[in-house]
Each structure stands twice: as structure tokens, then as C-alpha cells.
Amino acid sequence: MPAPVIGEDIPLARRSPATLARRPSKRTAFVGLVLGLIGATAVLLLVPGPWRRWLEPLPVEGLNARLSADGRLLGHHPYPEVSRDQLVELSPGLELKPEAAAAVGAMQRAASADGVDLVVLSAFRSIALQKSIFFDVKAERNQSAQERARVSAPPGFSEHSTGYAVDLGDGRDPAANLSVAFDRTDAFRWLQANAARFHFQLSFPQDNPQGVSYEPWHWRFEGSADALKLFEPAQRLAP
């Protein structure tokens, strides 16, 4: 008996024929996998998250360390290198931003009036110089990156590159300069009592949250809007 027809002359049994699902070819499966990986990578790149730092290149060539979630490298915040035409000379080989240089000069005169010989040991450092200080000394002392970073910032992460940081010493006790022993000098005691008046702050006090070794000689200037903006992340991290 012929099958019933609907509409024209197409039998009902053939209006919605059942078809077997085709298995995708190996080529189709491979293309789908590639497209899926591309799509997933695009989503990861577009959506912010702490894992993104693992997809980015290492921030410092030759240093197998990545940025922390707050942008620090081995405890140190990133800092730009100030243009040399924005610096003034304190003395041969020592340069700072003009406002920091003026504050240092005023601070030295005030210290001298109190019988203290406050000397500037180091000021602006280029990123290239900081690279040499970090890697060359690291090799000489056979230090790991973590060990070296406790006492010296990686290039691109030093406050000295901003033109606002100085290493200070005591002219009457040079043996204590650039060592923890500096905190037993007259110069350090004077800085503790007076540095804030000239907008200078100790960058790495004892047990600082950045995990950098105690450096009683290292002070940064925070007496301008530009300086405050640069050091705001470090201030926010401070206890």
C-alpha cells in the first residue's frame, strides 16, 4: 500500500528523514582544537588577572623572576629613568632632580650648623649603571637573584633612577658609610630627628614590608607632586 502523502507528492516517511551523525574528520578536529586554543588565549589576554604575568616576557633580561601581583620584582617597585636634562649637579658625579638637590643642600647646611657632616655618597643612577651594579656584583659574590635583590634593586626597579634618592654618610665616621653601622653615627641620629623637615624619608627601614635589607643610609625625597606620585605605591605598602 503506498505511503500517505502530505502537500505535494512527498511521502510522509521522507519529510523528516533520520540521518546518522557524521564523525568529524581528523583535520576538522585539529582545526577546531587550534581555534579553541586561539580563542582561549585571546580571552586570557583580554581579561585581567594575576595569572597574566606568566604569559608576559620576563621584565628584566637575564633575571629569571616575574612580577608579583602588585607589580614588584623581588620586592622592588618599578621606577622610570629620569631624563638627564632634568638633573642638576650636586658635585662632580652626583646629580639629582632640582627640587631634591635644593632640599639636600638645605639639609646639609642645617646639619652642619648642628655640628654634623652629612655627605652624599650616591645620587642619580642610570638603569645601565644599576644593571652593572646588580649583575656584576651578583656574579662576584656568587649570589642568587633573591639574595642580591635584598641589598640592590634590579635595573628598572631602583629609586636612584628617579633622581629623587640619595645614599647619605657621615663625613666624620666614613668607616660606617653604606653599612648598618651608619645607624650608630651622629649623621643618622640627626636624620632621624630632622630629615622629614626637608621631605626625606628612609626608604628601607628595619623589617620593611618590601623584604629589602635594612639600609639606614638610603633616603628618598617626597617633597614634590611628581615624587609623591612615583613613591605612592611604596608608601601604600608601608605599615
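Here are some questions and answers about the predicted model shown above.

Reader: I'm new here, so what pattern does the protein chain follow along the sequence?

Author: Residues are numbered from 1 along each chain as its sequence is written. This is a predicted model, where local features need pLDDT of at least 70, side-chain atom pairs count only at pLDDT 80 or more, and totals for chains, interfaces and linings use all residues, while side-chain values use heavy atoms, with hydrogens and water left out. Helices (H or I, at least four residues) and strands (E, at least two) are DSSP runs numbered from the N terminus, and the protein chain has six helices and eight strands. Read along the sequence, they give β-β-α-β-β-α-β-α-α-β-α-β-β-α.

Reader: Is Phe 188 buried or exposed?

Author: Buried means under 20% relative accessible area, exposed over 50%, and partly exposed in between (1.4 Å probe, protein chains only). Phe 188 has 4% relative accessibility, so Phe 188 counts as buried.

Reader: Which parts does the pair of Phe 188 and Trp 219 tie together?

Author: Rings of Phe, Tyr and Trp (its six-membered ring) pair if their centres lie within 6.5 Å; planes under 30 degrees apart count as stacked, over 60 as edge-to-face and the rest as tilted. Phe 188 and Trp 219 make a tilted pair, 6.3 Å centre to centre with 55° between the planes. The pair ties together parts 31 residues apart in sequence, because Phe 188 lies in helix α5 (residues 186-194) and Trp 219 in strand β8 (residues 215-221).

Reader: Is Trp 219 buried or exposed?

Author: Trp 219 sits in strand β8. Its relative accessibility is 5%, so Trp 219 counts as buried.

Reader: And Gln 192, is that one buried or exposed?

Author: Gln 192 is found in helix α5. Its relative accessible area is 57%, so Gln 192 is exposed.

Reader: Which ring does Arg 220 lie over?

Author: A charge sits over a ring if NZ of Lys or CZ of Arg is within 6 Å of the ring centre and within 35 degrees of the ring normal. Tyr 79, Tyr 164, Phe 200, Phe 221 and Phe 231 form one aromatic cluster. Arg 220 lies 5.2 Å from a ring centre in that group, over the face of Phe 231.

Reader: Which strand gives the largest share of the lining of the largest pocket?

Author: On a 1 Å grid over the protein atoms alone, a cavity is a set of points where a 1.4 Å probe fits but cannot get out, and a pocket is an open set with protein on both sides within 12 Å along at least five of seven lines; lining residues have an atom within 4 Å of a point. The largest pocket is lined by 22 residues, with Arg 125, Val 151, Ser 152, Asp 167 and Glu 215 nearest its centre. β5 (118-122), α3 (127-140) and β8 each supply at least two residues of the lining. The largest share is three residues, and it comes from β8.

Reader: How much space lies in the largest cavity?

Author: Grid points are joined across faces, edges and corners, and a volume is the space filled by probe spheres set on the points. There is one cavity of 30 Å³ or more, and the residues that line the largest cavity are His 76, His 77, Tyr 79, Phe 157, Glu 159, Phe 204 and Gln 210. The space in the largest cavity is about 30 Å³.
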